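Okay, thanks for making time, everyone.

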Amino acid sequence: MRIISIFLIFFTLLFYARDIPRDSLIQGRLNIVNGASAECVMHQFYTQSGWIQVEGEIGRNGIDGLYYKKKNGVIKDVLVAESKWNKSRLGRSGKNKVVKQMSQEWVLRTMNKLIHKMPSKIYSTLKRFIEHDQYRARLFRLKPKANNTIQISIYKIKNKGLKAFDEIKDRQLPPISIISPRSSFEKRMVKAYNACRQKKLNKYLPVLTDSEVAYLLRDNYIQKKDVKVILQ
């Protein structure tokens, strides 16, 4: 009877043991969570100011933010935006990595992939705006700051050349406290930020319980060491 009890305890502990990922996996998954959070906030930022969002990604690649506005039922304005978390930089692709992310060439190549993958009149229409350089290009940066705040900065992308272009700071919003946002706008941004982080933490770090996720969301910048403390 004693042997049976020991085995029951052993298998119970084994069943409830948590599959704790390696440090490198934790960091990689947090990078995804942070990047997705920035993109989520960006969508809220633009759609709440009247932009209509169109799917711009194929899997995890593509255009983070593809938007348009209509006037009298006709598309009049197009916006292509890329979201970045903290200090992340725009990447490069193509042969010898000469095509810079968010350049006009890169945007057109991505639009061609979208048209091939998801044939739709809307993509063809937006592509014509981009071909004639009649669109806005923006870099949306979400950065964690001191005192549990986040800061949104918007950069205009000018001279959309193949290899390089100017990133001109357009707007830098005051830091937003995730603990005590002051306005309805800040509350919406914080709500989007936390909702996205919660969803992605549940997806990429399913080992965490709901209460542990809620605890982590009290911090503006979840790091590997924070997760490791919880999982120990």
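I'll go through a helix pair, then a serine, then some aromatic rings.

Quick housekeeping: this is a predicted model, with local features needing pLDDT of at least 70, side-chain atom pairs counting only at pLDDT 80 or more, and totals for chains, interfaces and linings using all residues. Numbering starts from 1 along each chain as its sequence is written, and side-chain values use heavy atoms, with hydrogens and water left out.

So, the helices. The axes of α2 (residues 23–47) and α5 (residues 184–204) come within 8 Å and cross at roughly 145 degrees; axes here are lines fitted to C-alpha atoms over the stretch in contact, with angles from 0 to 180 degrees between N-to-C directions. Helices are DSSP runs of H or I, at least four residues, and strands are runs of E, at least two, numbered from the N terminus.

Next, S83, which sits in strand β5 (residues 74–85). Buried or exposed? S83 is buried, because its relative accessibility is 6%, and the cut-off for buried is under 20% relative accessible area with a 1.4 Å probe, protein chains only. Leaving out residues up to four places away in sequence, S83 touches G35, A38, E39, M42, D64 and F140, where contact means heavy atoms within 4.5 Å.

Finally, rings. There are seven aromatic pairs in the whole structure, a pair being Phe, Tyr or Trp (six-membered) rings with centres within 6.5 Å. Ring pairs link F45, Y46, Y67, F140 and F185 into a cluster. Both Y46 and Y67 are buried, too.

Technical notes: Buried < 20%, exposed > 50% of the residue type's maximum accessible area, 1.4 Å probe, protein only. Phe/Tyr/Trp six-rings, centres within 6.5 Å; stacked < 30°, edge-to-face > 60°.
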